[in-house]
Amino acid sequence: FFLRRWREAPRTEPSGWGNWDFAGFGIFVVLLLGVRVLGQVDPMWRLPMWIHAMLVVGATWHWLRAIAGKGFALAIAPVILFALTAVPYPTAIELGLVHGLTRTVIAATVELFTLAGKPVVAVGERLSLGGQVVEVTEGCSGIRSFQSFLMAACFFGELFRLQWPGRVALIGVGLALAIVINAGRALTLAAEGFSAGVEAAAAIHDTVGLVAFLVSAVLFFLAAIGLDHLESPRKKHVVRRVIGPRTEG
């Protein structure tokens, strides 16, 4: 993606390096060393990870602006920001997402059981039927699916050159799939647990998870292709206008 945008992005007047830039580089080095020290205190501490990532992203963007101009740096920004999808979410945000997704998945699972004629009720983060209780674990909340789909939405949005509305729509599709597929996964495991016991549900846990992953991946890829087809006429016009007609030689 970087090489493709490098060839196509507009070049403007480079800003070059001034005294303030060298001073900023010195500050960057000091901050980076400080973050590295904090990271050694607790390797799982999210704050130093995010400070480190933002420092690297900011320094990379500034370097590109200096050598190729602000217009080029802005055009390349989505590729640089893609690296942030690899950074773990801040703990407070991740826990909020986990609890919110878990409640949504449980509510959807209860509704599906009700439609199937089984009076399953939710007790906290557990499902109860006739005295039997099945726990919906954090792994079934959909948080990993949501994080993966967010990364995949950025990836396919750039791969297919989707406009910003299409990229936002792709994130929405990913969130919907994370909820629906994990509700189906929780429904399958809970139904097996109610009928054959917790041990039987544990035995098929990994298989159900793999099937859920494959189904959601295929549906997400088809959604990305569909959005690409919807935008194709306008997108081709924009690409021709930005990079101009190709010439031989």
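How many bridges pair β2 and β3, and in which sense? I began my notes on this predicted model with that question. I found that the two strands pair over four bridges, in the antiparallel sense.

**Entry: the sheet**

I next looked up the arrangement of the strands. Three of them form an open sheet, ordered β1-β2-β3, with antiparallel pairing. I noted that β1 (121-123) and β3 (132-135) each have a single partner strand and stand at the edges, so one side of each has no neighbour in the sheet. From one strand to the next, the twist averages 35°.

I then turned to β1 and β2. Strand β2 covers residues 126-129, and its antiparallel pairing with β1 runs over three bridges. I followed Ser128 of β2 in both directions. Opposite Ser128 stands Val121, while its bridge partner in β3 is Val133.

I also examined the hairpin of β2 and β3. Two residues lie between the strands, and Gly130 takes a positive phi near 55° in this hairpin.

**Entry: helices on the sheet**

Which strands does helix α5 lie across? I recorded that α5, residues 91-115, lies across β1 and β2 and runs at about 20° to β2. Helix α7, residues 164-196, also packs on the sheet, where it touches β2 and β3. I noted an angle of about 150° between the direction of α7 and that of β3.

After α7 comes Gly197, and I noted its positive phi, near 105°.

**Entry: salt bridges**

How many salt bridges does a search of the whole structure find? I counted five. I looked up the side chains of Glu158 and Arg4, which meet in a salt bridge at 3.9 Å, N to O. This pair links distant parts of the chain, as the two residues are 154 residues apart. I placed Glu158 in helix α6 (residues 143-159) and Arg4 in helix α1 (residues 2-8).

I located Val218 in helix α9, which covers residues 205-243.

Technical notes
Residues numbered from 1 in each chain as written. Predicted model: local features only at pLDDT ≥ 70, side-chain atom pairs only at ≥ 80, totals over all residues. Heavy atoms only, no water. Pairing = 2+ DSSP bridges. Axes fitted to C-alpha atoms, helices over the stretch in contact; angles between N-to-C directions. Contact = heavy atoms within 4.5 Å. Salt bridge = Lys/Arg side-chain N within 4 Å of Asp/Glu carboxyl O.
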